[in-house]
Amino acid sequence: TGSTRPQRLLKAVQKNASRGDPQSVISAIDRFCHSSEWAMNVGDEKGVILDSVVCEVSPGCALELGTYCGYSTVRIGRLLPPGAKLITLEFNPDYAKVARQVIDFAGLQEKVLLVEGPSGDLIPKMKEQYGITTFDLVFLDHWKDRYLPDTKLLEECGLLRKGSILLADNVICPGTPDYLAYVRSSPRYESKYFKSHLEYTKVEDGLEKSIFLG
Ligand SMILES: Oc1cc(-c2ccc(F)cc2)cc2cncnc12
Ligand SMILES: [Mg+2]
């Protein structure tokens, strides 16, 4: 039987990147996606915006919803301050299997905890199972119909604090209209749109950055 796209992406990392060098892992995946096969990583253009938000927030505790192959996990993990942790949730076991190997190849396994399962089930367990008080940064990059319910769940579970930052991918393409309407109209958020392009294409997309006001 043939390989899957995530497996071919992993092979490209193992072939073209250097073990323990996160930047080389990022570059190898971007090269694979530009020249070989498109894949739904946040990509290099939106990735620069992600990097700038991670550096600005400098989170002690971050959450990623939607790991896929671990590209944005590595982008975030490489910029975390010493002792900081990133929890990343992935529903698809085949994606999780590849992502673990990409994260390990980058040498970030001490900073990153990948948890397999549906975000709606895992978020309510964050405090008791992983000792989380609140998240300083949440990167939303999973199924578009889960952005709004998971955001409300984070609020209800007391996992956001005054100043927590939500950064959402794909708010234009594929689009998350209910989430955008919510964070842009709610008095509990201050929201800003960063215009960009769908990874590895010229199609418009962007990131929405929302500050939770408490
Ligand atoms: O960044 C992304 C892009 C796309 C996507 C797929 C097909 C298409 F035509 C356009 C966009 C889907 C995603 C699902 N989860 C997380 N991120 C995604
Ligand atoms: Mg995305």
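1. Ligand 1 sits in the largest pocket of this predicted model. A pocket here is an open set of points on a 1 Å grid over the protein atoms alone, where a 1.4 Å probe fits, with protein on both sides within 12 Å along at least five of seven lines, and a molecule sits in it if more than half of its atoms lie within 2 Å of its grid points.

2. The shell around ligand 1 divides into six nonpolar, two polar and four charged residues, among them W38, M40, H142 and K144, where a residue counts if one of its heavy atoms lies within 4 Å.

3. Oxygen atoms of ligand 1 lie 2.5 Å from a side-chain N or O atom of E199, 2.6 Å from one of N170 and 3.3 Å from a polar side-chain atom of D169, each a polar contact (a pair of N or O atoms within 3.5 Å). Taken alone, ligand 1 exposes 410 Å², of which the protein buries 73% (Shrake-Rupley method, 1.4 Å probe).

4. Two backbone features deserve a look. The peptide bond from C173 to P174 is cis, with omega near 10°, and Y68, although not a glycine, has a positive phi of about 50°. Most residues other than glycine have a negative phi, and most peptide bonds are trans.

5. On confidence, the chain averages a pLDDT (the predictor's confidence in each residue, from 0 to 100) of 98, and the model scores ipTM 0.99 and pTM 0.99.

6. Residues are numbered from 1 along each chain as its sequence is written, while chains are lettered from A and ligands numbered from 1 in the order written. Local features need pLDDT of at least 70, side-chain atom pairs count only at pLDDT 80 or more, totals for chains, interfaces and linings use all residues, and side-chain values use heavy atoms, with hydrogens and water left out.

Definitions and conventions: Polar contact = N/O pair within 3.5 Å; in protein donor to acceptor, adjacent residues only side chain to side chain. 1 Å grid on protein atoms, 1.4 Å probe; cavity = no way out; pocket = protein on both sides within 12 Å on 5 of 7 lines; lining within 4 Å. Nonpolar A, V, L, I, M, F, W, Y, C, P; charged D, E, K, R; others polar.
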